[in-house]
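Hello,

Here is the structure, with its sequence. My notes follow below it.

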Amino acid sequence: MSDIEIRDDRAAGRLEALGDGGEVVGRIEYFVLESPAPALVPVHTIVEPAHEGKGIAGSLARELYALSARQGVPVAPLCPYVVKWAERHPDEAPVADPALLRAAKDWLRAHPGRF
């Protein structure tokens, strides 16, 4: 995998992987759940076709969980890729609280145009 930089664009709800030259080559789209408790909720993981198979999605998922640990906020994954990544990396990805997952699904249903 070529060197990538990962940045959190919290205002846009994106964790972005930047390739050589600063182009966005992948991203996790997420929102911040506020209630019943704060949580990062990844909804989609997208890697540009020309950059697939280079470990970018895994790097993004790893950084999402590292970010959550640094901030003391859990992850409540709805993105199928992040769910599977978390299952494969239980040492880095604590299991989400079922109440947070339910609240995240409710939030997503209440905001159908967001993602």
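Of the contacts in the protein with a separation of 6 or more, 48% are between residues 24 or more positions apart; contact means heavy atoms within 4.5 Å. Please keep in mind that this is a predicted model, where local features need pLDDT of at least 70 and side-chain atom pairs count only at pLDDT 80 or more, while totals for chains, interfaces and linings use all residues. Residues are numbered from 1 along each chain as its sequence is written, and side-chain values use heavy atoms, with hydrogens and water left out.

Overall fold

The protein has three helices and four strands, in the order β-β-β-β-α-α-α from the N terminus. Its radius of gyration is 14 Å, close to the 13 Å that the globule rule gives for 115 residues, so the protein is as compact as a globular protein of that length. (Helices, H or I of at least four residues, and strands, E of at least two, are DSSP runs numbered from the N terminus; the radius is taken over C-alpha atoms, and the rule is 2.2 Å times the number of residues to the power 0.38.) The C-alpha trace spans about 40 × 35 × 25 Å along its principal axes.

Buried residues make up 39% of the 115 residues, where buried is under 20% relative accessible area, exposed over 50% and partly exposed in between, with a 1.4 Å probe and protein chains only.

Annotation

The unreviewed UniProt entry places the feature "domain: N-acetyltransferase" at residues 7-97. UniProt positions are in the numbering used here, feature names are shortened, and annotations may be inferred rather than shown by experiment. Over residues 7-97 the chain is 27% helix and 30% strand, with the end C-alpha atoms 26 Å apart.

L18 lies in strand β2 (residues 14-18) and counts as buried at 7% relative accessibility. Not counting residues up to four places away in sequence, L18 touches D3, I4, E5, R7, E23, V24 and V25. Q71 is 53 residues from L18 in sequence, and their C-alpha atoms are 22 Å apart.

A93 is in the loop between α2 (80-88) and α3 (98-110). With a relative accessible area of 5%, A93 is buried. Leaving aside neighbours within four places in sequence, A93 is in contact with Y65, W85 and A86. The C-alpha atoms of A93 and P74 are separated by 9.1 Å, and the two residues are 19 apart along the chain.

Regards
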